[in-house]
Amino acid sequence: MIILEGKKTANDIKGEIAIEVAALVNAGGKKPHLAAILVGVDGASETYVSAKVKACEKVGFDSTLVRFNNEVTEEELLTEIDKINNNDAIDGLIVQLPLPKHINEMKVTEMISPTKDVDGFHPVNIGRMALNLPTYLPATPAGILELLERYQVETSGKHCVVIGRSHIVGSPMSILMARNTNPGNCTVTLTHSRTQNLKEITKTADILIVALGKVEFVTADMVKKGVCIIDVGITRVKSDKTKSGWKLLGDVDFGSVKKMCSFITPVPGGVGPMTIAMLLKNTLMSAKRVIY
Ligand code: NAP
């Protein structure tokens with residue numbers, strides 16, 4: 001069994017990006033610049049955004065964090081996005097989700113210029129992904145592809161089962177694994193809360209990508225021997241054993257399942273760090289005008 005070490009791989013990628021940034025700056029170019037908008041004071045969102053800002057510093061990017069309180073109106077938020085869209089100094093823009101209920105997330109996503117949409121959530125970029133055109137891939141699925149590629153996990157002709165059909169993970173993942181690319185060329189089954197006989201389906205998976213947000217949902221009896229498991233889930237649970245008072249758990253019961261696996265990602269230290277590395281990669285691509 002091989003652990004797909006997202007943390008180490010993400011650090012390798014950050015090192016590669018830092019070298020490219022230094023070369024850009026030495027050639028007289030400007031540093032790539034990522035802007036993040038954070039609404040409210042949700043603990044998890046705060047953690048994710050500060051990790052992204054820290055990662056920018058690590059690779060030599062500039063970053064801007066724009067904060068709004070929970071009462072911000074949709075119009076104020078859209079106006080800020082428009083301002084950043086038109087600011088030539090900024091290459092990438094992300095709005096940390098979830099947003100308060102009175103704000104329409106799709107409207108916000110659509111307001112971000114596709115050219116600066118380094119999260120890869122804009123319908124234009126999702127469409128380009130589906131058509132296998134150059135684009136910013138959504139960061140979490142892109143991170144999973146990168147892990148599969150760097151660990152040379154064979155995907156062609158395999159049965160890939162995805163649990164969860166969110167717009168940011170499950171759905172794009174299913175499209176990417178079915179494309180005629182490497183990694184890709186899988187026969188894909190996309191499952192969700194209405195799927196019947198889930199266990200019968202997961203037991204046929206060569207590659208199982210789990211993104212439903214339910215702690216330790218996948219157990220050893222749900223998988224076949226030799227499976228490659230990608231655990232996307234991150235849930236904070238209270239813990240009296242950590243200094244912070246909480247710990248992170250995945251959607252897979254790692255302890256029981258690992259003995260069945262050829263490859264498996266840990267939580268934490270698996271998909272999470274890869275997501276941030278891919279966000280940086282997309283921002284670098286934007287700064288270099290690779291796609292648009
Ligand atoms: P989400 O929007 O919360 O959607 C969950 C999906 O799981 C839905 O499609 C839902 O089906 C499906 N589901 C729920 N219960 C199920 C069941 N019993 N059997 C089969 N499917 C079921 O998902 P998300 O935003 O993708 O997040 C999923 C998890 O990944 C969360 O823990 C999140 O924190 C984590 N995450 C991690 C990263 C990272 O960087 N590592 C990035 C994003 C998300 P329906 O559509 O039918 O409701």
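Analyst: The shell around the ligand

By class, the residues around the ligand are 10 nonpolar, 9 polar and 2 charged (Ala, Val, Leu, Ile, Met, Phe, Trp, Tyr, Cys and Pro are nonpolar, Asp, Glu, Lys and Arg charged, the others, Gly among them, polar). Please keep in mind that this is a predicted model, where local features need pLDDT of at least 70 and side-chain atom pairs pLDDT 80 or more, while totals for chains, interfaces and linings use all residues. Residues are numbered from 1 along each chain as its sequence is written, and side-chain values use heavy atoms, without hydrogens and water.

The shell has 21 residues (one heavy atom within 4 Å is enough to belong). Arg-165, Ser-166, Ser-193, Ile-234 and Thr-275 are the closest of them.

Now for the polar contacts, which here are pairs of N or O atoms within 3.5 Å. Val-232 has a polar backbone atom 3.4 Å from a nitrogen atom of the ligand, and a backbone N or O atom of His-192 sits 3.5 Å from a ligand nitrogen. How much of the ligand does the protein bury? The ligand alone exposes 920 Å², and 72% of that is buried by the protein (areas by the Shrake-Rupley method, 1.4 Å probe).

Next, the sheets. Six strands make an open sheet with parallel pairing, in the order E1-E11-E8-E7-E5-E6 (a pair needs at least two DSSP bridges). Strand E1 (2-3) and strand E6 (187-191) are at its edges with a single partner strand each, so one side of each has no neighbour in the sheet. E1 is joined to strand E11 (residues 261-264) by 2 bridges, and the two run parallel. Ile-2 has Phe-263 of E11 as its bridge partner. Across strand E5 (159-163), E6 and strand E7 (207-210) lies helix H7, residues 170-178, at about 170° to E6 (angles run from 0 to 180 degrees between N-to-C directions of lines fitted to C-alpha atoms, for helices over the stretch in contact, with contact meaning heavy atoms within 4.5 Å).

Another open sheet has 3 strands in the order E3-E2-E4, again with parallel pairing. Strand E3 (62-68) and strand E4 (92-95) form its edges; each has a single partner strand, so one side of each is left without a neighbour in the sheet. From one strand to the next, the twist averages 15°. Strand E2 (residues 33-39) pairs with E3 in the parallel sense over 7 bridges, and Ile-37 has Val-66 of E3 as its bridge partner. Helix H3 (residues 74-85) packs on this sheet, touches E2, E3 and E4, and makes about 175° with the direction of E2.

Finally, look at a few loops. Most residues other than glycine have a negative phi, and most peptide bonds are trans. Leu-97 and Pro-98 are joined by a cis peptide bond with omega about 0°, and Pro-98 belongs to the loop between E4 and helix H4 (105-111). The bond from Val-267 to Pro-268 is cis as well, with omega near 0°; Pro-268 is placed in the loop between E11 and H10. Gln-152, although not a glycine, has a positive phi of about 50°, and you will find Gln-152 in the loop between helix H6 (139-150) and E5.

Definitions and conventions
A polar contact is a pair of N or O atoms within 3.5 Å; within protein, one must be able to donate a hydrogen and the other to accept it, and residues adjacent in sequence count only if both atoms are side-chain atoms. Helices (H or I, at least four residues) and strands (E, at least two) are DSSP runs, numbered from the N terminus.
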